[in-house]
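Hi there,

Here is the structure I promised to send you.

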Amino acid sequence: MGVIVNKEQEKNSDLNNRITADLRKKVQESSMEDPDFARDIDYGKDTVKTSKFGWVWIVLIVLALISLVIIFTI
C-alpha cells in the first residue's frame, strides 16, 4: 500500500515539475517580447489643450450646483 502511494506521489511530482517547467518557459518567452502597449496607442495624438475660456465651464457647473442646493432647500 505504501509503495503505491509513493509511486503516485512520484508521478504527481513529475507532472508538477513538467508543468512548472513549461510555465517558466512560457513566461520567459513572453517577457522577452517586452510588450509595451503605451507606445502603440494613439490615444493622445489628436488632443488639444483647453482654451482660455475653460474656467467658464467650471463657474457654470458651480452655479448650477448652488442653484440645485437652493431649490431643494426651499
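Below is a short tour of what turned up. Please keep in mind that this is a predicted model.

Let's begin with the overall picture. The protein chain has 2 helices and 0 strands. Of its 74 residues, buried ones make up 1%. The chain's accessible surface comes to about 7700 Å², and carbon and sulfur atoms account for 64% of that area.

Next, have a look at helix H1, which covers residues 2–33. How many salt bridges does a search of the whole structure find? The count is 1, and lysine 26 and aspartate 22 are the partners, with their side chains meeting at 3.8 Å, N to O. These two residues are 4 apart in helix H1, so about one helical turn separates them. Aspartate 22 is partly exposed, as its relative accessible area is 38%.

Now move on to helix H2, which spans residues 54–73. Isoleucine 70 is found in this helix, and it is partly exposed, with a relative accessible area of 45%. Isoleucine 70 also belongs to a nonpolar patch on the surface. Other members of the patch include Phe53, Trp55, Trp57, Leu63 and Ile74. Together, the residues of this patch have about 1200 Å² of accessible area.

Enjoy exploring, and write back with any questions!

Best wishes

Technical notes
Residues numbered from 1 in each chain as written. Predicted model: local features only at pLDDT ≥ 70, side-chain atom pairs only at ≥ 80, totals over all residues. Heavy atoms only, no water. Patch = residues over 30% accessible without salt bridge, like charges linked within 9 Å, V, L, I, M, F, W, Y side chains within 5 Å. Areas by Shrake-Rupley, 256 points an atom, 1.4 Å probe, with all protein chains shown as cover. Salt bridge = Lys/Arg side-chain N within 4 Å of Asp/Glu carboxyl O. Buried < 20%, exposed > 50% of the residue type's maximum accessible area, 1.4 Å probe, protein only.
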